[in-house]
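These are my notebook entries on one structure, written down in the order in which I looked things up.

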Amino acid sequence: MSENDDQQLDVESNFNPISKVIANGLAGLPDAISKSALGAVNRLVTGAVDVPVAFLAGFKEAIEDKNFEKRTFRRSLAKAAVSKAVMTDELQLRAIERLITDQSWKQRNRESIAKAALAELRGSENVMEPESSVDSDWMAKFAKYSEDVSSEDVQKLWGKVLAGEILNPGSFRSKSLMLLSDMDQKTAKLFQLVLDSAFGPLIPHDLLGTTGELLSAARYLEAEGFLSSANGAFEKVLYLSDKSAGLNGQTAHIAIHGSNLPRLKFKAVWMTNGAEDIAKILPRTNERKIAEAIVSKLPKNNISLISYHLFEPGTTIVDKTKTPEFLYVPPVGST
C-alpha cells in the first residue's frame with residue numbers, strides 16, 4: 001500500500017481500536033482506582049474478565065506504535081475480504097453486513113460510555129481505594145443494557161453510573177440498570193424536572209399541583225416505573241423518638257426537635273428503588289427550597305425547632321463545619 005493509500009486510510013477510516021480507549025484512560029486516573037477502573041472499562045469494551053498488568057502494558061505499547069492502527073485495520077479488512085470471497089449466497093452477505101454494522105454501532109456506544117466514565121473518574125477528588133472490584137455479573141448486565149444507548153447525554157449518564165460503581169461497588173443495584181436502559185432523552189428530561197422538586201427520594205404532592213407540566217411529568221414517570229403515587233395517595237409518616245425526628249435528602253438533613261412529637265404526615269410522590277439509584281448521580285440544586293415547602297406543611301404541635309443541615313459532599317454525614325439553618329422557630333410567647 002502506497003503512502004497516498006495510507007493517507008486515504010487515515011481520512012476514511014473511523015477505526016478506533018478498543019485498546020486505545022483503555023490505554024488513553026491510563027492518563028490522569030487516581031492511583032487508588034486505576035486497577036478497578038481499567039478492569040471495569042476493559043470488561044465493557046472487550047468483554048474480557050481479567051485485566052493482568054502485562055495485558056494493560058501491552059495495550060499501552062501498542063498505542064505508542066504509530067503504525068498499529070493501520071496494521072490492525074488492514075488485517076481485519078483482509079480477513080473480511082477473504083470471507084466474502086468464498087460466500088455466494090447474497091442473503092448471507094447481507095446478514096454479515098448487518099451483523100458488522102450492528103456490532104460496530106453497539107461497540108461505538110460502549111466505547112463512548114467508557115470514555116465518559118473515565119472522564120468522570122479523572123475529575124474525582126479525595127478518592128479512596130475501593131474495598132472490592134465491580135461485580136462481574138453487574139458488569140455483564142451493564143454492558144448488555146448500555147450497548148444500545150446512542151444519545152450523547154444519556155451516554156454521559158451511563159458513564160456516571162459506571163464511575164460511581166467503580167468508586168463504590170454495590171451502590172447501584174443491578175435491577176436498576178433495566179430501568180436506566182428505558183431512560184431516553186425525553187424520560188431523562190422529565191425525570192430531571194421532577195427531581196428539581198424532590199427532597200431525597202420524595203416529592204411533596206402539594207408541589208405537583210392539580211394540573212400542569214410537573215404533574216404530567218410525574219404521571220408519565222409513574223407509568224414508566226420511576227415514581228409511585230402520582231395521584232397523591234401515598235403518605236410519608238415520620239416515626240422516630242418522641243423528642244426528635246428527621247428526613248434525609250440527597251444533600252441535606254431536616255432535623256425536627258420537640259417534646260412528645262406527634263406522628264408527622266404529609267402526602268408525597270415516592271421514587272422507586274431504581275429511580276432513587278439514578279437520582280443519586282444527578283445534580284440537586286433545589287433541595288433547600290423543597291425543604292422549606294415540606295416544613296411549611298408539617299403540623300407544628302410540640303415542635304421547638306426545625307433545622308437544615310448540609311451533608312459532606314457525596315455522603316449522608318452532616319457536615320459539622322457548616323452552620324445549620326433554622327427553617328422553623330416557634331413564635332415568641334407560644335408553647
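**Overall make-up.** I counted 14 helices and 8 strands in the protein, where helices (H or I, at least four residues) and strands (E, at least two) are DSSP runs numbered from the N terminus. This is a predicted model, in which local features need pLDDT of at least 70 and side-chain atom pairs count only at pLDDT 80 or more, while totals for chains, interfaces and linings use all residues. Residues are numbered from 1 along each chain as its sequence is written, and side-chain values use heavy atoms, with hydrogens and water left out.

**Burial.** I noted that buried residues make up 40% of the 335 residues; buried means under 20% relative accessible area, exposed over 50%, and partly exposed in between, with a 1.4 Å probe and protein chains only.

**S197.** I looked up S197 and found it in the loop between α10 (185-195) and β1 (202-204). S197 is buried, with a relative accessible area of 12%. Leaving aside its neighbours within four places in sequence, S197 is in contact (heavy atoms within 4.5 Å) with L202, I203, P204, L207, L214 and I290.

**Helix α12.** Next I turned to α12 (residues 213-223), in which L214, L215, A217, A218 and L221 are buried. Seen down the axis of α12, these buried residues fall within an arc of 160°, so they line one face of the helix; the arc is that of the directions from the helix axis to the C-beta atoms. On the other side of α12, I found E213 and A223 exposed. The buried residues of α12 pack against α10, α11 (205-208) and β2 (227-228). After α12 comes G225, whose phi is positive, near 95°.

**Aromatic pairs.** I found 3 aromatic pairs in the structure; rings of Phe, Tyr and Trp (its six-membered ring) pair if their centres lie within 6.5 Å, and planes under 30 degrees apart count as stacked, over 60 as edge-to-face and the rest as tilted. One of them is W138 with F142, a stacked pair at 5.3 Å centre to centre and 20° between the planes. W138 and F142 are 4 residues apart in helix α7 (residues 136-146), and are therefore separated by about one helical turn. The rings of F191 and F226 have their centres 5.6 Å apart and their planes at 50°, so I recorded this pair as tilted. Because F191 lies in helix α10 and F226 in the loop between α12 and β2, the pair ties together parts that are 35 residues apart in sequence.
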